Amino acid sequence: TSVTPGRPNSAFAPFFEAMMQQIGMAVDVPCELLLKKFNASFSASRAAMLDMWLSTRIRRADLVSDFCQPVYEAWLWREIANGRIKAPGFLRDPLLRWAFCQSEWHGDGPGSLKPVEEVDAAVKRITAGLSTVKEETLNVSGGDWKRNVEQRGVEEAARKEAGLGPMAAPAGSALQKTDP
């Protein structure tokens, strides 16, 4: 007799979801994100995203310390030793070498489910002194706040030259200027 697989099997979906939950737990990825299936409440979906972001930040820090930074330092050492990069004292002084090797590694931000509320919260954290523009820029987009300021200057100058007014924040936004 031959085996009859009996497909499609009505127990496949629950079996598959159970396996995805196990895989998600093993790799520290919430099942909702692994499947890209958000059936829970907004709060539960946001909690899953924040949980994933926490583990992503930990993995990112490990990647930077265990791979990116050592490769960068080895590359920098070789370039300086070969004379392609000038760094006086790098090869003789460990403190100077440490200073020359300092770097920051940034990636994309976590994404957002309610971007307007999250930007308003970021502005409030900056205003309250709990955070900085640099930190919030990294958290929201992974961008460079200095480059943003320079680009905004270019854009504002172009708007002024074109006879347009300055860009304004939406009414009611925490981004609007307030008088002290």
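In the predicted model, Arg57 lies in helix H3, which covers residues 42-81. Although Arg57 and Pro110 are separated by 53 residues in sequence, their C-alpha atoms are 9.3 Å apart in space.

Helices H3, H5 (115-127) and H6 each contribute at least two residues to the lining. By residue class, the lining consists of 9 nonpolar, 3 polar and 5 charged residues.

Helix H6 spans residues 133-140 and includes Glu136. With a relative accessibility of 5%, Glu136 falls under the 20% limit and therefore counts as buried. Leaving aside residues up to four places away in sequence, Glu136 is in contact with Ala122, Arg125, Ile126 and Ser131.

In soluble globular proteins, nonpolar side chains tend to be buried together. In the present model, the largest nonpolar core comprises 5 residues, namely Leu76, Ile80, Ala87, Phe90 and Cys101. One member of this core, Ala87, touches Ile80 and Phe100 when residues up to four places away in sequence are not counted.

Side chains of opposite charge can pair when their charged atoms come close. A total of 7 salt bridges was counted in the model. In one of them, Arg84 pairs with Glu79, and the closest N and O atoms are 2.8 Å apart. The two partners fall into separate accessibility classes: Arg84 is exposed, at 54% relative accessibility, whereas Glu79 is buried, at 14%. A further salt bridge joins Lys114 to Glu117, with a distance of 3.7 Å between the closest N and O atoms. Lys114 is partly exposed, its relative accessible area being 35%.

A salt bridge is also formed between the side chains of Arg152 and Glu156, at an N to O distance of 3.2 Å. Because these two residues stand 4 positions apart in helix H7 (residues 145-161), about one helical turn separates Arg152 from Glu156. Both partners are partly exposed, with relative accessible areas of 41% for Arg152 and 23% for Glu156.

Methods:
Residues numbered from 1 in each chain as written. Predicted model: local features only at pLDDT ≥ 70, side-chain atom pairs only at ≥ 80, totals over all residues. Heavy atoms only, no water. Buried < 20%, exposed > 50% of the residue type's maximum accessible area, 1.4 Å probe, protein only. Contact = heavy atoms within 4.5 Å. Nonpolar A, V, L, I, M, F, W, Y, C, P; charged D, E, K, R; others polar. Core = buried A, V, L, I, M, F, W, Y, C linked by side-chain atoms within 4.5 Å. Salt bridge = Lys/Arg side-chain N within 4 Å of Asp/Glu carboxyl O.
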